[in-house]
Amino acid sequence: MEEQQEMIQQYQQIQQQMEEIQEYIEEVETEIQEMGEAVDAVEDLEDVEEGSEILAQIGSNTYVRAEIKDSSEVVTAIGGETYQTKSRSEAVESLVEEKEEAQETKEELESTLQDLQQEFQQLQMQIQQAQQE
């Protein structure tokens, strides 16, 4: 009986871990999508003339009208409240690298999730067998 209780606790722990990993995978997928959109936006700046008006996001789906003064450079966050000016090509290169790293992280998480799912199914069968005894 005690062994069955331990299996049930382990079952619940694995279930919680799987849920947390799935949530993290979804967050990473959102980051990957946003990085792809950022790459497209930076590349599109090549066709934007100085003085053109754009909508610049200031947070929480809120925008202001802004005028492009220099589209040859972009400002990127490098951590905390620190920013760095980069050429468009440097910014694209950096974003692509970050996107690839995020993709690798996602693949590792998916592999871990798959391992946990297998362990979860095995434990589920063991619990069912123990209950039938």
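A compact globule of 133 residues would have a radius of gyration near 14 Å, whereas the protein chain has 23 Å. That radius is taken over C-alpha atoms, and the globule rule is 2.2 Å times the number of residues to the power 0.38. Along the principal axes, the C-alpha atoms fill a box of roughly 80 × 25 × 25 Å.

The model is predicted: local features need pLDDT of at least 70, side-chain atom pairs count only at pLDDT 80 or more, and totals for chains, interfaces and linings use all residues. Residues are numbered from 1 along each chain as its sequence is written, and side-chain values use heavy atoms, with hydrogens and water left out.

**Chain**

Two helices and four strands make up the elements of the protein chain, in the order α-β-β-β-β-α from the N terminus on. Helices (H or I, at least four residues) and strands (E, at least two) are DSSP runs, numbered from the N terminus. Contacts are heavy atoms within 4.5 Å; among those between residues at least 6 apart in sequence, 55% join residues at least 24 apart.

The accessible surface comes to about 10,200 Å², and carbon and sulfur atoms hold 40% of that area. These areas come from the Shrake-Rupley method with a 1.4 Å probe; for residues, only the protein chains shown count as cover. Of the 133 residues, 23% count as buried. Buried means under 20% relative accessible area, exposed over 50%, and partly exposed in between (1.4 Å probe, protein chains only).

The charge count is 6 positive and 37 negative side chains, with the centres of the two sets 14 Å apart. Lys and Arg count as positive and Asp and Glu as negative, while His and the chain ends are not counted. Each charge is placed at NZ of Lys, CZ of Arg, CG of Asp or CD of Glu.

**Residues**

Lysine 106 is part of helix α2, residues 88–132. This lysine 106 counts as buried because its relative accessibility is 15%. Leaving out residues up to four places away in sequence, lysine 106 touches Ile25, Val28, Glu29 and Ile32.

The loop between β1 (53–59) and β2 (62–67) contains serine 60, and asparagine 61 lies in that loop between β1 and β2.
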